[in-house]
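Let's take a friendly walk through this model, starting with its helices and moving on to rings, loops and a strand.

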Amino acid sequence: MTLVQNHLQQLSGNRYGFFILATLFLAACSPKIKPVARKPEAPKEVTKTEKPAVKFEQASLSLLVPFRLNEIKLKTATKADVEKAAMAIDFYQGFKLGIDSAAATGQNFKLKVFDTQDNNTQIRELIDNGGLLGSNLIVGPVFPDGLKYITNYSISRNILVVNPLSAAHPDEFGNPNLISIVNNVDLHAEKIGNYISKNYNSANTVVVLINPKSASDEVMAKPLRLYFTGKGFTFQEYASVFSMEPKIIKGRNYVIMVSSSDRKFVVPTLDKLMKMKKAGFNATLFGHPDWMKQNYNIDQLQAFNTIISSSYKVDYTRPEVNAFIRKYRALFNFEPGEYSFKGFDVGFYFGKLLSAHGPEYQKYLTKDKYRGLQNSFRFEHHERLGYINTSLMLLRYKNFALNVIE
């Protein structure tokens with residue numbers, strides 16, 4: 001069974017507002033406590049010098065998410081104000097369903113939920129008040145600043161902390177107890193680079209990096225550039241396809257990687273590539289991972305067999321996906337969104353891990369792989385950076401859909 005404790009801060013001077021919000025977003029998630037029938041176990045012989053094993057009765061998890069209920073004033077709140085909390089609410093509801101599903105194995109769970117308000121002062125008070133004591137696992141905070149703030153506590157108490165949503169590189173935290181769910185940009189670059197290396201002949205292929213060189217563009221460009229250093233491919237870098245066009249060599253295969261997700265740059269880039277294609281230029285295009293969330297001309301993307309890397313994709317043909325959707329609708333009267341799926345996968349995976357292995361679950365993080373509703377987990381351990389999820393997909397635009405090719 002799952003026992004949920006909500007430690008949400010009330011809205012200052014507005015108890016009525018807090019009651020409505022808590023009822024709307026959290027009361028629907030209140031636990032249904034069901035006794036779990038268990039078969040009696042045969043007693044084991046215990047010698048005088050042998051102590052009986054301590055039974056793992058209950059797994060304790062702490063969830064730290066920024067509901068930001070303190071910011072919402074009920075009488076003046078706009079839709080945008082309420083939506084600030086939507087991500088946290090969706091993740092919480094999905095996470096709770098994941099833990100409930102793991103509890104079906106017979107393990108008892110105690111889930112403590114805290115509103116961090118995206119404020120390190122709240123985290124400090126939580127630590128000082130002992131709210132996290134006894135946790136087998138801490139999930140969150142969800143933003144980098146909060147994750148950095150909790151690092152010392154995680155190390156001093158030797159408690160594993162899950163970074164559930166941030167794609168920040170584990171280098172930023174230096175926490176050997178950190179579990180990074182979202183793939184960092186180095187892993188995306190490596191996935192793309194490995195695919196190109198396996199599928200293209202370096203002797204007659206030109207790899208081109210289109211990089212406008214803003215700070216955000218360079219985040220993706222740097223690891224791609226480093227990957228192809230010394231790989232044997234002819235490697236070229238241009239600020240745009242317009243500056244690349246005069247340098248095209250006839251008879252060579254071209255692979256074009258775009259490091260930008262700025263729509264104002266990407267749209268004219270695709271338009272120009274289509275004009276070049278009509279003039280006889282052919283290439284395979286690799287886009288930025290954020291293109292998955294953006295809306296571009298799919299005919300243009302398909303024309304260049306565009307491939308993007310991604311850590312998540314929901315396959316709506318899978319029975320377990322549709323079962324989750326039906327259950328989510330029935331409980332909350334909403335369609336599950338991206339963060340609902342993410343929350344479920346994190347909750348179910350770690351719930352099952354704790355259920356199967358108890359307090360020793362850390363030893364199995366690199367062994368127990370997981371294919372979730374939206375995310376897959378395959379962790380590698382780094383002595384300084386913690387546990388890093390290396391499971392990534394490559395998706396290709398084809399038949400007006402994104403299809404997994406690897």
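## How the helices meet

Helices α3 and α13 cross in a right-handed sense. This is a predicted model. The axes of α3, which spans residues 86–103, and α13 come within 6 Å and cross at roughly 35°. On the α3 side, the contact is made by M87, D90, F91, G94, F95, L97, G98, I99, S101 and A102. Facing them from α13 are Y339, S340, K342, G343, F344, V346, G347, F348, G351, K352 and S355. Sorted by class, the contact of α3 with α13 holds 10 nonpolar, eight polar and three charged residues.

Helix α3 also meets α12, and the crossing of α3 and α12 is right-handed. Here the axes come within 11 Å and cross at roughly 115°. The residues involved are D90, Q93, G94 and L97 of α3, together with F324, K327, Y328, L331 and F332 of α12. The contact of α3 with α12 divides into five nonpolar, two polar and two charged residues.

| Helix pair | Axes come within | Crossing angle |
|---|---|---|
| α3 and α13 | 6 Å | roughly 35° |
| α3 and α12 | 11 Å | roughly 115° |

## Rings and charges

How many aromatic pairs does the model have? The count comes to 21 aromatic pairs. Are F324 and F341 buried or exposed? Both F324 and F341 are buried.

K231 lies over the face of Y227, at 4.3 Å from the ring centre. Over the ring of F304 sits the charged end of K277, 5.5 Å from the ring's centre.

## Backbone details in the loops

Now for the loops. G140 and P141 are joined by a cis peptide bond, with omega about 0°. P141 is placed in the loop between β4 (137–139) and α5 (144–149).

Which residue in the loop between β3 (108–115) and α4 (120–128) deserves a look? D118 is found there, and D118 has a positive phi of about 55° although it is not a glycine. With a relative accessibility of 41%, D118 counts as partly exposed.

N158 likewise is not a glycine, yet has a positive phi of about 55°. The loop that holds N158 runs between α6 (151–157) and β5 (161–163). N158 is exposed, with a relative accessible area of 54%; the cut-off for exposed is over 50%.

## A buried strand residue

F286 lies in strand β10, residues 284–286. Its relative accessible area is 1%, so F286 is buried. From F286 to V255 the separation is 31 residues in sequence and 7.6 Å in space, C-alpha to C-alpha. Leaving aside neighbours within four places in sequence, F286 is in contact with I192, Y195, I196, V255, I256, M257, V258 and I307.

Methods. Residues are numbered from 1 along each chain as its sequence is written. This is a predicted model: local features need pLDDT of at least 70, side-chain atom pairs count only at pLDDT 80 or more; totals for chains, interfaces and linings use all residues. Side-chain values use heavy atoms; hydrogens and water are left out. Rings of Phe, Tyr and Trp (its six-membered ring) pair if their centres lie within 6.5 Å; planes under 30 degrees apart count as stacked, over 60 as edge-to-face and the rest as tilted. Buried means under 20% relative accessible area, exposed over 50%, partly exposed in between (1.4 Å probe, protein chains only). A charge sits over a ring if NZ of Lys or CZ of Arg is within 6 Å of the ring centre and within 35 degrees of the ring normal. Helices (H or I, at least four residues) and strands (E, at least two) are DSSP runs, numbered from the N terminus. Axes are lines fitted to C-alpha atoms, for helices over the stretch in contact, and angles run from 0 to 180 degrees between N-to-C directions. A crossing is left-handed if the near helix is turned anticlockwise from the far one by less than a right angle, and right-handed if clockwise. Contact means heavy atoms within 4.5 Å. Ala, Val, Leu, Ile, Met, Phe, Trp, Tyr, Cys and Pro count as nonpolar, Asp, Glu, Lys and Arg as charged, and the others, Gly among them, as polar.
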